[in-house]
Amino acid sequence: MQSTKKIIITGGAGFIGSHVVRRFVKNYPQYTIINLDKLTYAGNLANLKDIENEPNYSFVKGDIVDIQFINTFFEEQQPDAIIHLAAESHVDRSISNPLEFVMTNVVGTVNLLNAAKNLWKGDFENKRFYHVSTDEVYGTLGEDGMFTENTAYDPHSPYSASKAGSDHFVRAYHDTYGLNTVISNCSNNYGSFHFPEKLIPLAINNIKQNKPVPVYGKGENIRDWLWVEDHARAIDVIFHKAAAGSTYNIGGHNEWKNIDLIKLLSSILDNKLGRDEGESAKLITYVTDRAGHDLRYAIDASKLKNELGWEPSITFEQGLEKTVDWYLANEKWLDDVTSGHYQDYYNEQYTNR
Ligand code: NAD
Ligand code: DAU
C-alpha cells in the first residue's frame, strides 16, 4: 500500500480515530487524509486541533448511513483507501438503543463497502478497505484461554452483534467481489481524548470531582487494556503490510479485573491530587450489573507479532499515568464534553442504579 495517495478515515473525530488520523497526517505527508465524521456526541474536532491546519489533512462532516451522500462523496474524492472507524461504540448505549447501532455499524459499513466496490470496479490493485473492529465479536471467555483469529464469533450485546455483522459483510465483499479488505479486532483501548462514558475516563472524572465511581456487579469482569497510540501504530502496520482478506487480533497482554484497575487508578490519583492514600478508593460504589455483561476478554496477538513485528510499546502503569496526567492537564476538554447532553446520559444510566 506504499503508493496509496488519498485515504478516507471515517470516525476520525472520535477517540481512536483521532489518534489514527494524527499518526497518518504526521507520518505520511505524501498521503492526503480526509476525515469523514458525523460529529455525534462522541465526535469532537477539539481532538484534532494540533493538526487541523496541516496541508495533507481535511475534515468533512457527513453520515455514513446517508447512501446518496456517501456515493457522491466517493465519486468526488476518488479515494485509494478507506480506514473505517466510524461507529456507535458504547455497549451501554447499545442496550438502550440497539437500532442506532444497526444503522451506523451495519448499514453504514455496507454503504461504504458498496461505494468502494462501485468506485474501484474490480481493479483493486493498490486499493484497500480497512475495517477496524473489536474483540467483543468473539463473546466472552471463562477463566482460561484467549481469543485468536480462529475463535468463532459469539456476540452478546447489541453493540458486539452489530460489529460482528459488519465484520461478516466486510469478509463477504472480499470473498464475493474480490474487494481488498483487512479487518483487525482489538481489545479495550485507553488514553487521551477517551470519552468519559467509558470506564477509565469516567472514573478519572468522578474521582477528580469526588463523586461516586460506579463499578458494575462485583467488579470481577476482566478486560485486556491497550494504550490507544499502540492501537494506532498497529493499524498503521496492518494497513501497509497485511495481505488482502486477512484478519489480525490486537491486544495488550494486559488483563485487569475492573475493581483492581479502579483501585490502581484511585491510588495514582491520590498521589497526583495530593490526597491521602486510600481516599479516592472510598468513592468506589458497586451498582447493578450491565445486562449480558461479558466476563472476560483476552487477546492472543501472536499472529500480529510474528508476521508483522508489532508489540505494545509501554506498560499499563506507564500508560495509565500518562493518561491521568493528560486528563488533569486538559480540564477544559473534560468540562466541555461533560456538560450538556452528557449530564442527561449520566443521570439516565446511573441515578438510582
Ligand atoms: P468513538 O465512539 O469514540 O468514536 C466514533 C466516531 O464515529 C465519532 O467521531 C462519531 O462522530 C463517528 N460516527 C458515529 N456515527 C457516525 C456516522 N453515522 N457517520 C459518520 N461518523 C459517525 O469510538 P472509538 O472508541 O474511537 O472506536 C472507533 C472504532 O474502533 C469503532 O469502530 C469501535 O467499534 C472500534 N473499537 C473500539 C475500541 C475501544 O476500546 N474504544 C476497541 C476496539 C475496537
Ligand atoms: O473490548 C473492546 C471494546 O471495549 C470496544 O469494542 C468498545 O467500543 C469499548 O467501549 C470497550 O467496551 P467495554 O464495554 O469493555 O468498555 P467500558 O469502558 O464500557 O467498560 C469496561 C468494563 O468496565 C466493563 O466490564 C464494564 C465496566 N464498567 C463500565 C462502566 C462505563 C463499570 O464497571 N462501570 C462503568 O461505569
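Here is a short chat about reading a predicted protein model.

User: What should I know about the model before I start?

Analyst: It's a predicted model: local features need pLDDT of at least 70, side-chain atom pairs count only at pLDDT 80 or more, and totals for chains, interfaces and linings use all residues. Residues are numbered from 1 along each chain as its sequence is written, chains are lettered from A and ligands numbered from 1 in the order in which they are written, and side-chain values use heavy atoms, leaving out hydrogens and water.

User: How many helices and strands are in the protein chain?

Analyst: Helices (H or I, at least four residues) and strands (E, at least two) are DSSP runs, numbered from the N terminus. Here the protein chain has 12 helices and 12 strands.

User: Is Thr 323 buried or exposed?

Analyst: Buried means under 20% relative accessible area, exposed over 50%, and partly exposed in between (1.4 Å probe, protein chains only). Thr 323 has 2% relative accessibility, so it counts as buried. You'll find Thr 323 in helix α10, residues 316-329. Across the protein chain, buried residues make up 56% of the 353 residues.

User: Which residues is Thr 323 in contact with, leaving aside its neighbours within four places in sequence?

Analyst: Contact means heavy atoms within 4.5 Å. Leaving those neighbours aside, Thr 323 is in contact with Tyr 190, Gly 191 and Ile 204.

User: And what about Val 102: where is it found?

Analyst: Look in helix α4, residues 98-120, for Val 102. Val 102 has a relative accessible area of 36%, so it is partly exposed.
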